[in-house]
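Here is a short tour for anyone who likes to check a fold against its coordinates. Please keep the model open while you read.

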Amino acid sequence: MGKRNRNRQNQQNRDQRPEGSRSRDNAGWGAGYSEIIKENKLFEQYYRELNIVPEGEFEEFMEAMREPLPATIRITGYKSHAKEILHTLKEKYFKEIQDLEIDGQKIEAPQALRWYPDDLAWHTNMSRKILRKSPLLEKFHQFLVSETESGNISRQEAVSMIPPLLLKIEPHHKILDMCAAPGRKTKSLSPSLHFIPFLLLSHMHSFLLSHGFVIANDVDNKRCYLLVHQAKRLNSPCIMVVNHDASCIPRLQLEHDGKKEVLFYDRVLCDVPCSGDGTMRKNIDVWKKWTTSNGLQLHGLQLRIAVRGVEQLAVGGRMVYSTCSLNPVEDEAVIASLLEKSEGALELVEAVADLPGLKFMPGITSWKLMTRDGQWYSNWSEVPEARHTQIRPTMFPPTDDEKLQSMKLERCMRILPHHQNTGGFFVAVLVKKAPMPWNRRYPKVMSSREVAPSGAGVGLGVLASCPCPGHRGLTHTSPSPCSRPPPSKKMKLFGFKEDPFVFLTEEDPVFPPIQAFYDLSPGFPKLNVLTRTHEGKKRHLYMVSKELRNVLLNNSERMKVINTGVKVWSRNNDGEQFGCAFRLAQEGIYTLYPYIRARVITVSLEDVKVLLTEENPFLSRLGEDTHAQAKKLEMGSIVLKYRPDPNSPQCPIELCGWRGKTSIRAFVPRNERLHYLRMVGVEVFQDKQGKKAGRTTEAQEGSTELGEARGREEGGTQEPESTDTDQNGSANTWAGPQSPRKPTSMKTETRFI
């Protein structure tokens, strides 16, 4: 059948549908699909029998599972910026919302999560429909969207915030996030955005150049780029995104004092793929797709990932295991098996005191398994041989009561949806007290001089014992397969081929003009600067922390790196006539600024407002002091520094700019520009895209246009707009310095907060 005939047949099929099914006038989200009924008899039968819900609360539990999940936001970013955003939310938006009524109904103001530190997380039941009905709420919505795109606010499910908090991150910690990419739960379910890595990485703001770092891993190559997009908002040189199967993620090495050592992590986040039955409130597909087989199929993978996580954990380190499933096969069964394998090397620790105010149920010590056809099994001995490939012994609780009590599984935490209006979740905290039994040391092979026991071959070495899993009590003659590490395999790479990470030497010719132009301090770490090409001109220069440089240089053959580093300079060919071919990049200004001793202009509050609301203001538009400082500098890239009064709630700001012939321009992305304006008390509201012409609203009257300048300085050469593509594929448009022009008509609503 040809394409034209197929299209005609499809149109006929659509026309033959009942009129009600074709109409979208009354349809909401998911228009064109039949409504999913939020019922699953197998789910109810399974969890009633397991008794994970307190007696008398099961109906309330099921009702909560059918209700939509409230929206939750978390304030991230630098500490000073976080305080300012929290101040704006509390003193402006939340107060205005408290007294707001829509269609005769009073709007419920957002509430702080009691267990989240410093009131930095809030949840609300306001729907998108309500947000569209009031100009005031529309402004609130624009604020949330803009700050989210700038990386200062994260919209995230409440329970997903728990695991990173339980890690107890310190500035010097080396952190591994094993399954970091959002939505990576299971292929059979609709993706759900769990911004756990975003929260994890946001802790790095206070120690950008310290010994701590985060390695965020995921097995899905495409999802790694989504993770890069989120991590990039943090603008940190302490982040690396890698692409590996978490169950066999390679062991890395570091070089210290000329010797190579194995890299063990201080903290490991093990948020494994799961059946996701705790996400039914937002992933309604789970209602019709959920079966007990989902958990049975994932148990083995979850256990392998957890085992690999504790193998890479340093002694004294902390690993948090979590799932968005309520199923004990994916939860307590994995923890119990892990503790049993560890032979005392791991301890399940109490985490109640770490999150005061969080309501949860303790872990259970007894559970059963059920197949999708309703057959129950209480222990391994009841499982018929035909099902041994689907059901494994590690899925059942330990049969030894003494061993079971020593595990203290009640220290696990299960969050139920009806207790505090959240999704379902499970989390356990493990501390490593000693090396894992199979990692303590490789067994020593006896020499040929040692006499073998009677019956053994003459001249063959004998192992007294073999600690390898599965070889307990066995002896091997030399050479033994257990006496040495398994042979290394060549790493298989999948997905896109990444550009190389090339570190510059201290003698690289790119440094002298940069050093002279910006007067970099002697302590600037030139060895931490890298580029992404071996040949040709260097378009961008990136910077990583000292420890991540160590990781990259010593593990290039062991791992596939998707992204690392923060961009600090970008090439501007016309800049050579001003003394330096590289302009500063706003992404890396907080990393680079401490080393810059020249080309810094201190601006006032009014100057910041002018620079951020006008495209390319003349020097005469700025204050006298700023004007005088700018006159002393030649044309080229500059830093614009604002320091507020110590008694004001505002925070310090550093912006990248360009000193032109008669003007100054701030090189700040649109969303960050809006963020900084809010930080100094100016609110800018934009038109909603797609509004009909002539329709006037309060939001429209307060609209703004932050257009890109297209010209060059008077007397300069013309240059077409160029698009710089950074290391993760996102484009940053920059047209170079501009010709001075009159202030643009940026209509803003100015309110001092």
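**Ground rules and overall picture**

This is a predicted model, in which local features need pLDDT of at least 70 and side-chain atom pairs count only at pLDDT 80 or more, while totals for chains, interfaces and linings use all residues. Residues are numbered from 1 along each chain as its sequence is written, and side-chain values use heavy atoms, with hydrogens and water left out.

The chain holds 22 helices and 33 strands; these are DSSP runs numbered from the N terminus, with helices being H or I of at least four residues and strands E of at least two. Of the 753 residues in the chain, 54% are buried. Here buried means under 20% relative accessible area, exposed means over 50%, and partly exposed lies in between, using a 1.4 Å probe and protein chains only. Among contacts with a separation of 6 or more, 74% come from residues 24 or more positions apart, where a contact means heavy atoms within 4.5 Å.

**Annotated residues**

UniProt positions are given in the numbering used here, feature names are shortened, and annotations may be inferred rather than shown by experiment. Under "binding site", the UniProt entry covers Asp218, Asp245 and Asp271. These residues span 54 residues in sequence, yet no two of their C-alpha atoms are more than 13.5 Å apart, so they gather at one spot.

Asp245 sits in the loop between strand E9 (239-243) and strand E10 (253-256). The side chain of Asp245 is joined to that of Ser247 by a polar contact of 2.9 Å. A polar contact is a pair of N or O atoms within 3.5 Å; within protein, one must be able to donate a hydrogen and the other to accept it, and residues adjacent in sequence count only if both atoms are side-chain atoms. Asp271 belongs to strand E12 (residues 265-271), and its side chain makes a polar contact of 2.8 Å with the side chain of Ser322.

For "active site", the unreviewed UniProt entry lists Cys324. Cys324 is found in the loop between strand E13 (313-323) and helix H13 (332-342).

How accessible are these residues?

| Residue | Relative accessible area | Class |
|---|---|---|
| Asp245 | 32% | partly exposed |
| Asp271 | 4% | buried |
| Cys324 | 1% | buried |

Strands of a sheet pair through backbone hydrogen bonds, either parallel or antiparallel.

E22 and E24 share four bridges, with His540 partnered by Ser570 in E24. Three bridges then link E24 (residues 566-571) to E25, where Leu584 is the bridge partner of Trp569.

Which way do the side chains of E22 point? His540 and Tyr542 point one way and Leu541 and Met543 the other, and all are buried. Axes are lines fitted to C-alpha atoms, for helices over the stretch in contact, and angles run from 0 to 180 degrees between N-to-C directions.

**A mixed sheet of four strands**

Another open sheet has the order E26-E27-E28-E29, and its pairing is mixed. Its edge strands, E26 (600-603) and E29 (664-666), each pair on one side only. Neighbouring strands of this sheet are turned by 35° against each other on average, direction ignored. E26 pairs with E27 (residues 636-642) in the parallel sense over four bridges, and Val600 stands opposite Val639 in E27. Helix H20 (residues 624-631) lies across E26, E28 (653-659) and E29, at about 170° to E26.

**Helix H7**

Helix H7 (residues 135-149) has 15 residues and should span 21 Å at 1.5 Å a residue, which agrees with the 21 Å between its end C-alpha atoms. The expected span is 1.5 Å times one less than the number of residues. Buried residues in H7 include Leu137, Phe140, Phe143 and Leu144. Just after H7, Gly151 takes a positive phi of about 85°.

Methods
Two strands pair if DSSP finds at least two bridges between them.
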